[in-house]
Amino acid sequence: MSKTGPDTNTKSVFIKTYGCQMNVYDSERMKDVLAPIGYATVDSPDGADLVVLNTCHIREKATEKVYSELGQMKKLKQAQGGKMTIAVAGCVAQAEGAEIMRRQPAVDLVLGPQAYHKLPEMIARVHRSTGERLETEFETLEKFDALPKSRTADGPTAFLSVQEGCDKFCTFCVVPYTRGAELSRPVDDITLEARNLASQGVREVQLLGQNVNAYHGAAPAIEGGDEWTLAQLVRHLSKIGGFDRIRYTTSHPRDMDDDLIAAHADTPELMPFLHLPVQSGSNNILKAMNRGHTREHYLDIMRRMKDARPDMALASDFIVGFPGESDKDFEDTMDLVREVGYAIAYSFKYSERPGTPAAEMFGQVPEDVKNERLQALQALLREQQTAFNASKIGETVQVLVTGTGRNEGQMHGRSPWLQAVHFDATPDLIGQIIDVEIVGASLNSLTGQLPGQSKEVAA
Ligand code: 5AD
Ligand code: SF4
């Protein structure tokens, strides 16, 4: 990191983030690397010196949306007499590469997910107009190495990136092409960042990775040995002090080892929430998706997780209408959902990603059938989510207070099961873990009160 302090003429950056938590995290890191060269974050692109669109490629029509947004940015740039640098980052940048600058010449630079730490350098290059403006090559550990070791935490919860990339090559997915190979960050680096976050009052840390449970980072130098698993990393982070809660996301069934399941039983800091995408309940479809696991294997993991931690909340992702999915295959998915009982799940209609094997498969499912299946699945998932939330009514749960609510005197926080909880309290509680009696529940949140609060009101 540069030792030079921020420019006296502070510049402004507007970052628009699309898509997954990984992108939210990446945007935060871009802010971190831009701060030392004088960029302050602003809430609107209007008048900004730098605009970054941190894109996501996973959803249908994502690329077209980015081009349309870029059209708007071009107008703003013209209105500012050309004094705006426009950067496209993230997965669309990786997938489209130089094509973006060809289609929208107002774009100054394009950087893939492995290159955002180079943003300051690239901006400097644009300003000096030295030609090379494209940076999408995959690099190895350099990405993690070049990040500032100190980050500014903005609240009691934080993401911590421990792993990137994916070697699984599910036939519907672009991530292995856009994010590159699986790569784990060394334990010593993670420890340094974790200590820094903890010292700033972070109480709940979410370990991030595309395949986080495939983590196999270099063991701490003083320990010797070669690599640690995610379970070892979690136990280590639970001992360094500071974190009361540890989570990890997203996992793959193929990498779920016995030790990680055991960690849920023996590490109280590890929260009872598992996001383990299954995508489909049909073995035929799982095979065509190249998932590398069966329905039975997945159900067995879910059972063992519940044995390790009976209050475990289970979550998943689903795709309906994958090529070749029959009514019976879809019924297998519905049946799996009934058997597992989810606290929350995300479901998508299959969308063709050009260049992926599934896009070339026979048996593409008509749109109306996809819609019908999605509606049926989402209705069942909503029912389960509502029931899961309602099951907490009458319980006293430990809530991490994360901020002030929309209404006067209201605060919000997070339950161990990742539910949003609203209750009346004072802002001095932010950052504390407190008991809250749950009195109401809806699809998306819980309402609660501090113990004894209702009696005081009644008296
Ligand atoms: N079509 C629909 N959904 C997809 N996902 C990934 N690729 C596709 C696609 N081509 C979903 C998967 C994944 C989640 C992040 O996005 O369910 O788990
Ligand atoms: Fe995509 Fe499959 Fe890798 Fe997940 S595991 S990122 S769905 S290829």
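This is a predicted model: local features need pLDDT of at least 70, side-chain atom pairs count only at pLDDT 80 or more; totals for chains, interfaces and linings use all residues.
Modeller: Some ground rules: local features need pLDDT of at least 70, side-chain atom pairs count only at pLDDT 80 or more, and totals for chains, interfaces and linings use all residues. Residues are numbered from 1 along each chain as its sequence is written, chains are lettered from A and ligands numbered from 1 in the order in which they are written, and side-chain values use heavy atoms, leaving out hydrogens and water.

Biologist: Thanks! Why is Ser-27 called buried?

Modeller: Buried means under 20% relative accessible area, exposed over 50%, and partly exposed in between (1.4 Å probe, protein chains only). Ser-27 has 3%, so the residue counts as buried. Ser-27 sits in helix H1 (residues 21-34); helices are DSSP runs of H or I with at least four residues, strands are E runs of at least two, and both are numbered from the N terminus.

Biologist: And what does Ser-27 touch?

Modeller: Leaving aside residues up to four places away in sequence, Ser-27 touches Ile-15, Thr-17 and Asn-54, where contact means heavy atoms within 4.5 Å.

Biologist: What makes the span of helix H14 close to the expected one?

Modeller: The expected span is 1.5 Å times one less than the number of residues. Helix H14 (residues 367-390) has 24 residues, with 34 Å expected, and reaches 34 Å from its first C-alpha to its last.

Biologist: Which residues of H14 are buried?

Modeller: Among them are Lys-370, Leu-374, Leu-377 and Leu-381. An α-helix has 3.6 residues a turn, so residues three or four places apart point the same way. The cover over the buried residues of H14 includes strand S15 (313-320) and helix H13 (327-340).

Biologist: How do you know that Asp-317 makes a polar contact with ligand 1?

Modeller: A polar contact is a pair of N or O atoms within 3.5 Å; within protein, one must be able to donate a hydrogen and the other to accept it, and residues adjacent in sequence count only if both atoms are side-chain atoms. A polar side-chain atom of Asp-317 lies 2.6 Å from an oxygen atom of ligand 1, so the pair meets that cut-off. For Gln-279, a polar side-chain atom lies 2.7 Å from an oxygen atom of ligand 1.
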